[in-house]
Amino acid sequence: LLEEENGDTKETKHFEPEKIEDQYGSSKAMASKIALEYAQKGLNICIVHPSGIYGPGDVRHTNHSVTSIRLMALGYIPVSLKGGFDFVDVRDAAKGILLASEYGKPGETYILSGHYSEVSDLLRIINRICHRKTLNIEIPFGFLQAIAPLVEKGSNLLGIKRPLVTPYSIAILNGNGHFSHEKAAKELGYEPRSVEESLRDMVEEFKK
């Protein structure tokens with residue numbers, strides 16, 4: 001569990017995997033807890049927590065966020081969903097890991113976040129880059145929450161392994177997606193690039 005301060009999620013050294021419902025989050029909390037136990041025994045180790053990763057270079061098309069942005073750039077998603085999250089460019093996350101390996105303090109945790117963006121903001125920036133008008137239409141959370149289980153079940157029946165709309169993805173977009181990288185900036189010299197720079201590089205890659 002990460003701690004919240006003034007609406008932003010910040011670092012913690014207290015992890016309780018048994019209190020996390022989804023297996024993905026629980027496994028990460030369990031790994032963090034074990035790593036910190038070894039740090040207390042003298043192992044030179046620190047932990048980094050990237051936020052939602054996006055950016056260029058996903059040649060296998062396995063990243064959920066990149067797939068969504070690609071469909072936006074190609075014009076297949078003309079309307080936005082209610083909600084948002086903090087996204088960090090994969091290049092910044094990689095640089096943050098290197099900075100942590102060099103300057104990170106043993107037993108410390110560092111959030112490697114980027115910038116919080118509403119889905120509507122991402123779509124507006126992408127449309128501006130693609131010289132396309134933005135439709136000011138946003139699908140409400142209640143509707144998405146209602147149809148998400150049906151979309152997931154239908155996708156599974158059709159053999160679609162990574163559906164974009166699932167109960168988990170909708171919950172993530174409507175949770176507290178504000179993460180502070182203040183500690184990483186101060187102690188590691190971490191500085192993520194702007195959302196628009198990342199999106200421009202991604203759109204250029206989609207055109208190839």
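**Entry 1: the model**

I am working from a predicted model.

**Entry 2: α2 against α8**

I started with helix packing. Two packed helices are described by the angle between their axes and the distance between the axes. I looked up helix α2, residues 64-73, and helix α8, residues 195-206. They pack at an angle of about 70 degrees. Their axes are 10 Å apart. Angles of 65 to 115 degrees count as roughly perpendicular, and α2 and α8 are therefore roughly perpendicular to each other.

Which residues make the contact? From α2 I listed Val66, Ile69, Arg70 and Ala73. From α8 I listed Leu199, Met202, Val203 and Phe206. I then sorted the residues of this contact by class: seven are nonpolar, none is polar and one is charged.

**Entry 3: the cavity**

Rolling a probe the size of a water molecule over the atoms shows where empty space is left. How many cavities of 30 Å³ or more does a search of the whole structure find? I noted one. The volume of the largest cavity is about 30 Å³.

I wrote down the lining: Tyr54, Phe87, Val88, Asp89, Asp92, Gly114, His115, Pro192, Arg193, Ser194, Val195 and Ser198. The largest share comes from β6, with three residues. By class, I have five nonpolar, four polar and three charged residues in the lining.

**Entry 4: helix α4**

I turned to helix α4, residues 119-129. Which of its residues are buried? I recorded Val119, Leu122, Leu123, Ile125, Ile126, Asn127 and Ile129. An α-helix has 3.6 residues a turn, so residues three or four places apart point the same way.

I also checked what covers the buried residues of α4. The cover includes helices α2, α6 (167-173) and α8. It also includes strands β5 (80-81), β6 and β8 (115-118). Just after α4, I found His131 with a positive phi of about 55 degrees.

**Entry 5: Phe143**

Last, I looked up Phe143. I placed it in helix α5, residues 141-157. Is Phe143 buried or partly exposed? Its relative accessible area is 46%. Buried means under 20% and exposed means over 50%, so Phe143 is partly exposed.

I then compared its position with that of Arg70, a residue of the α2 contact with α8. Phe143 and Arg70 are 73 residues apart in sequence. In space they are 23 Å apart, C-alpha to C-alpha.

Definitions and conventions:
Residues numbered from 1 in each chain as written. Predicted model: local features only at pLDDT ≥ 70, side-chain atom pairs only at ≥ 80, totals over all residues. Heavy atoms only, no water. Axes fitted to C-alpha atoms, helices over the stretch in contact; angles between N-to-C directions. Helix = DSSP H or I, 4+ residues; strand = E, 2+ residues; numbered from the N terminus. Parallel < 35°, antiparallel > 145°, perpendicular 65-115°, else oblique. Contact = heavy atoms within 4.5 Å. Nonpolar A, V, L, I, M, F, W, Y, C, P; charged D, E, K, R; others polar. 1 Å grid on protein atoms, 1.4 Å probe; cavity = no way out; pocket = protein on both sides within 12 Å on 5 of 7 lines; lining within 4 Å. Points joined across faces, edges and corners; volume = space filled by probe spheres on them. Buried < 20%, exposed > 50% of the residue type's maximum accessible area, 1.4 Å probe, protein only.
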